Structures are given as C-alpha cells and as structure tokens.
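Please open the model in a viewer and keep the sequence panel beside it.

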Amino acid sequence: MKAIVIGSGIAGLSAAIALRKAGLQVVLYERAPVLTEVGAGISLWANALRALDAIGAGAAVRERLQPLRVSEFRGDEGRTIAASFPASTLENALGYQPVLGMIHRADLVDALASDLPAGTARYGFDVTVVRDTGTHVEVAFANGHRDVADLVIGADGIHSKIRALLGDASPPRYAGYTCVRGVTAMPSGYLAEWWGRGSRVGITTLRDRRVYCWATINAPPTQRIDDMRAWLSERFGGWADPVPELMTTTPDGAFLQNDIVDRAPTRHWYRGRCLLIGDAAHPTTPNLGQGGCLAIEDAACLWQLFAQSNTLDDIFSAFVARRYARTTAITRDSDRLGRIGQWSGWTACWWRDAIIRRILPRIGVQELLKHARHVE
Ligand SMILES: Cc1cc2nc3c(=O)[nH]c(=O)nc-3n(C[C@H](O)[C@H](O)[C@H](O)COP(=O)(O)OP(=O)(O)OC[C@H]3O[C@@H](n4cnc5c(N)ncnc54)[C@H](O)[C@@H]3O)c2cc1C
C-alpha cells in the first residue's frame, strides 16, 4: 500500500515514520523548498515521548531533549503563586521519566527527518488538487508534478488545504491574544511562568545553555509590532526579574509572533481515502503545550491501526473514534486555561491567584499530569 503524506511538520514526519514502520510505502511532500523549522522551543510531555518510543523515534529525540527539573508559577511582581514542583515528585506520581522535556523545534524536526530514508521527503511541492477516484487518490502540485497513491494523509497544519479540499474552508478561531517567542542564551535550569493582567510570560530551559521564552498579550487579531524589543520592554519592563532581562537579551530578529488560534472540535477528519491529522484535524491553543504532542500521538495511533491491517475505511473511522475525545479534551482545557490566564481585571486576577495558591498545592500534581498520563 502506498501513502502520500502532505506536510513535513511534527505530524507529517511522525506519520511518515509510523506508516513506514507499519509496512507502507511512503512519500512525503512539503511546500517549503527545504526542511526548515523557524519555531523556538517546544515541550514534549510523557505522552508524546511514549508515542515516539512506540514508532521507534524516541532515542533520536531524547538525545536532544532537556528534561524538566523544577517548575514554578509566579505573579508578575515575582511572588510565588504556587509551590514549585520538583521533577522527581511528578515522575514518581506518573511512574515515567521524564514527565516533560523541552526541545528546540529545529532539533525535533531534524531528529524526525533523520529517521526517514533519503528520498522519502520531497521539498518544494505545494499540493493544489487531491482527487479521490474511489480506487486510488491522485495528487497534483503547483510545480506540475503528479502522484498517485492508495491514501493521502493531510498533515498540512492549521490552515490545511487538504481540510479545505475535504469541504471545510472555514478560518481558525482567534483566542484573543497573541504570542511572542524567542530563544536566548541564559542558563536557568527550570520552567517558570509569571501571570500578570492580560499577559503571561514563560521560560523553559533548552539544551546548550539556551532558554526558550514566550509572552502572551491580549491584542486585536493580526496586530503586527514593528519594534518588538521596545514594545516588549514597555510591556514587561516593570515585571519581576528575570522577565525584563529576557526581553533585552533575546537577539534582534529572534522574536516570532503568532496570533493564538484553534478550531471548534469536529469529527470530519476523513473522506474516502484522505485523512487529516495534527493541527489540520484538531488544532489547539498552546496553553497546555500539547498540540505537537497530539500530532505525535496521532502517528502512534496510525501505526497501530495500519499494523492491524483492516480496510482503509475501518482504519480511518477507528482513528477518529480513538482520537476525537482525547484531542477535544485538550482543545477545551487549553482554551479554558488560556482564557483564565489572560484575565486582565485587577479583582479577577487577585481572586484567580488566590484560588490557585490555595488549590494548586493540593490538586497540582494530578492536574499537571492529567494529559501526560495518556498512552496511545
Ligand atoms: C506559540 C505556540 C507555542 C506552542 N508550543 C507548543 C508546545 O510547547 N508543545 C506542543 O506540543 N505544541 C506546541 N504548539 C503547537 C504545535 O506547534 C503544533 O500543534 C504543531 O506544530 C502541529 O504540527 P503539524 O505538523 O500538524 O502542523 P505544522 O507544524 O503547521 O506543519 C504543517 C506543514 O505542512 C506544510 N504545508 C502546508 N500547506 C502545504 C501544502 N499546500 N502543500 C505541502 N505542504 C504544505 C507546511 O509548510 C508545514 O511544514 C505551540 C503552538 C504555538 C502557536
């Protein structure tokens, strides 16, 4: 059986590895001219690491992973909102380590791509047409290339063309805040979040003494900031250390800005011989750091279903049945967390922090591990 995978992000690369492991012939087509990943850091929770192990890509990723040591949660003035969690507490509760690791996206994509034989991934191929004839699928690309396969996996991200070709061309929904990310050199050794009014800042350690930092800010959609450093300094200059320092040490041009979006969950992930996975199927806001992890879980699920070699229709319907509730729970919880995190009123934030301070020490470990426990 031959599969065409569209997109060489986390979902497409993981799926290509998984399908090959299940014995399929795979060709992956990516629109970008070369393998690039401009993102900053990304969290990989235990659920994703288990899924990577299942498809055989765990070792290459772990080599480049920085495991979490301690996590903290603070107010913008620096006061601790919740007790810090040492990694050992979380690992003992989960029975698995690491519970959370951080990796640069470029390293993750590179580790996944290196798991594929040369020639599997082809760059500079922008899919334009997918035609399901009933017995196979024909795919056409902007550069004139055509290919035929038994199935197509649409892993082409939140603005998925395959999703549109399957009948859903609706735009993603804006969450009301934008996110600025960057990577800078600053040894720290832990994960911390500072919650202010209408803004949050987070830092996590990567390997090689690098720190990934992010900031979310309530903003109208598509607001573009010309002088990012000045804008961030103005917004975060009065926050507790080391937040202002992060804004000044991140190199010019290293900031990325994304409006935070997701989609209302739907089960319409496949038609005929085409299936959507990753952000193309179930995009989530990044508040739980699980969007990419879900894409990897999707791949592990595909591997298991194809290895059982049912009909394509059985496989795709089983995929939706297995993955819908899981991905919907994360989309919902992540959206909720983001809304609360972005509250901007003084009173609301005071109550929020007071409640978190009271309940997090009691429910924190279970709550932090709720989604990481999943085994796909
Ligand atoms: C600010 C932010 C922080 C995040 N942090 C985390 C985190 O810490 N942990 C986590 O797990 N997740 C995180 N996420 C979510 C994560 O980034 C996504 O869930 C993940 O990247 C989705 O991968 P994907 O492969 O489905 O899509 P994408 O990464 O978007 O990849 C899609 C690929 O398809 C290609 N493509 C698109 N159209 C075509 C076409 N027509 N033809 C051919 N190729 C095409 C694109 O070029 C791209 O390479 C975060 C997201 C954001 C915005």
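This is a predicted model: local features need pLDDT of at least 70, side-chain atom pairs count only at pLDDT 80 or more; totals for chains, interfaces and linings use all residues.

Residues are numbered from 1 along each chain as its sequence is written.

**The ligand shell**

Select the ligand and the 33 residues around it, of which Gly 7, Gly 9, Gly 157, Gly 278 and Gly 291 come nearest. By class, the shell has 14 nonpolar, 12 polar and seven charged residues; Ala, Val, Leu, Ile, Met, Phe, Trp, Tyr, Cys and Pro count as nonpolar, Asp, Glu, Lys and Arg as charged, and the others, Gly among them, as polar. At least two shell residues come from each of α1 (10–21), β2 (25–30), β3 (41–45), β13 (173–185) and α9. Helices (H or I, at least four residues) and strands (E, at least two) are DSSP runs, numbered from the N terminus. The largest share, four residues, is supplied by α9.

**Helix α9 and its partners**

Next select α1 together with α9: their axes are 8 Å apart and pack at an angle of about 20°. Axes are lines fitted to C-alpha atoms, for helices over the stretch in contact, and angles run from 0 to 180 degrees between N-to-C directions. α1 is therefore roughly parallel to α9, a label for angles under 35 degrees, whereas those over 145 count as roughly antiparallel, 65 to 115 as roughly perpendicular and the rest as oblique. The contact includes Ile 10, Ser 14 and Lys 21 of α1, and Gly 292, Trp 303 and Phe 306 of α9; two residues are in contact if their C-beta atoms, placed from the backbone, lie within 7 Å. The residues of this contact divide into 13 nonpolar, two polar and two charged.

The contact of α9 with α10 holds nine nonpolar, one polar and three charged residues.

**Helix α2**

Select residues 46–55: nine of the 10 residues of α2 are buried, so this helix is largely enclosed by the rest of the structure. A residue is buried if 20 or more other C-beta atoms lie within 10 Å of its own, exposed if 12 or fewer, and partly exposed in between, with C-beta atoms placed from the backbone. The cover over the buried residues includes α1, β3, α3 (58–62), α4 (87–94), β7 (100–104) and α9. Just after α2, Gly 56 has a positive phi of about 90°.

**Phe 255**

Move to the loop between α8 (243–249) and β17 (256–262), where Phe 255 is placed. Is Phe 255 buried or exposed? Phe 255 is buried, with 20 other C-beta atoms within 10 Å. Leaving aside neighbours within four places in sequence, Phe 255 is in contact with Val 180, Gly 182, Met 228 and Thr 250.

**Two cis peptide bonds**

Finally, select Gln 97 and Pro 98, joined by a cis peptide bond with omega about -5°. Pro 98 lies in the loop between α4 and β7. The peptide bond from Asp 241 to Pro 242 is also cis, with omega near 5°, and Pro 242 is in the loop between α7 (228–236) and α8.

Note on methods: A residue is near a molecule or strand if its C-beta atom, placed from the backbone, lies within 6 Å of it.
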